[in-house]
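Trainee: I would like to learn how to read a protein structure. Could we go through it feature by feature?

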Amino acid sequence: MDHRERMLTGRPYLANRDGLNEARMAAQELLYTYNNLPPSRWGEQRGLLDQLLGGIGENSTILPPLRCDYGAQISVGRDVFINYNFTVLDVCQVTIGDRTLIGPNVSIYAAGHPIAPEDRATGWEYGGPIHIGNDVWLGGSCVVLAGVTIGDGAVVAAGSVVTRDVPPNTVVAGNPARVLRQITQADRDNWKKAMEQ
């Protein structure tokens, strides 16, 4: 198993082997073009995202600047909106479900390093896949760490650091993020009342 295969399966790997440097450089070239398009040429964005990402669904938007390692491990569903300054360390698969909203300055880190400094000094790294379900809202400046699954319909409060799985239809907040409560029919009723005013 080469280092690219090790990386993609979450095993320890060296990031300067087996074409990984070249793959990152190719992604950086596409990102440079994407992030520096003038507004009058935004129609070209979709083609660049199609080249960069592993997949992006219909009617999905990612506002520049976007930062990632490879791009190929990022899969975005349909009707997704991702605000400015989105950073993804995609050493493993990162999946973003349909109709998900991602606030500005959100960071998704599928990458990790050994805890002991002697081990970090060897250059070995590892990663873990991240799955963000359908209809999720990630508030601005939150961070999602390697190996996390965020369930359908969940809300992650702005500034939170998500270190473990988030159950569906819950609101989480804090560092580390903890479940505050379930999302209920009362949330829908309160929104309906607000809309009627």
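Trainee: Which residues form a nonpolar patch on the surface?

Mentor: Start with the ground rules. This is a predicted model, where local features need pLDDT of at least 70, side-chain atom pairs count only at pLDDT 80 or more, and totals for chains, interfaces and linings use all residues. Residues are numbered from 1 along each chain as its sequence is written, and side-chain values use heavy atoms, with hydrogens and water left out.

Mentor: Now the patch. Patches take residues with over 30% relative accessible area and no salt bridge; like charges are joined within 9 Å, and nonpolar side chains (Val, Leu, Ile, Met, Phe, Trp, Tyr) within 5 Å. Areas come from the Shrake-Rupley method with a 1.4 Å probe, and for residues only the protein chains shown count as cover. Here the patch consists of Phe-81, Leu-101 and Trp-137. Together they have about 290 Å² of accessible area.

Trainee: Is Leu-101 exposed, partly exposed or buried?

Mentor: Learn the cut-offs. Buried means under 20% relative accessible area, exposed means over 50%, and partly exposed lies in between (1.4 Å probe, protein chains only). Leu-101 has a relative accessible area of 41%, so the residue is partly exposed. Leu-101 belongs to strand S9, residues 101–102. Helices (H or I, at least four residues) and strands (E, at least two) are DSSP runs, numbered from the N terminus.

Trainee: Which residues of H2 are buried?

Mentor: They are Leu-20, Ala-27, Leu-30, Leu-31, Tyr-34 and Asn-35. Viewed down the axis of H2, these buried residues fall within an arc of 125 degrees, so they line one face of the helix. The arc is taken from the directions from the helix axis to the C-beta atoms.

Trainee: Why can residues spaced along a helix point the same way?

Mentor: An α-helix has 3.6 residues a turn, so residues three or four places apart point the same way.

Trainee: What does the face turned away from the buried side of H2 carry?

Mentor: That face carries the exposed residues Glu-22, Met-25, Glu-29 and Tyr-32.

Trainee: What do the buried residues of H2 pack against?

Mentor: Look for contacts, meaning heavy atoms within 4.5 Å. The partners are helix H1 (3–8), strand S1 (13–14), helix H3 (45–52), strand S3 (61–62) and strand S4 (66–68).

Trainee: Which residues of H3 are buried?

Mentor: In H3 they are Gln-45, Leu-48, Leu-49 and Leu-52. Down the axis of H3 they fall within an arc of 100 degrees, so they line one face. These buried residues pack against H2, strand S2 (55–56), S3 and S4.

Trainee: On to charges. How many salt bridges are there?

Mentor: Side chains of opposite charge can pair when their charged atoms come close. The rule asks for a side-chain nitrogen of Lys or Arg within 4 Å of a carboxyl oxygen of Asp or Glu. By this rule the count is 6.

Trainee: Which residues are linked with Arg-78 in a network of salt bridges?

Mentor: The network links Arg-78, Asp-79 and Asp-98. Arg-78 and Asp-79 pair with their closest N and O atoms 3.1 Å apart. For Arg-78 and Asp-98, the N to O distance is 3.8 Å. Arg-78 sits in the loop between strand S5 (74–76) and strand S6 (81–82), and Asp-98 in the loop between strand S8 (94–96) and S9, so the pair ties together parts that are 20 residues apart in sequence.

Trainee: And the backbone? What is the phi of Asp-79?

Mentor: Phi of Asp-79 is near 55 degrees, a positive value in a residue other than glycine. Asn-59 also has a positive phi, near 60 degrees. Asn-59 lies in the loop between S2 and S3. At 55% relative accessibility, Asn-59 is exposed.
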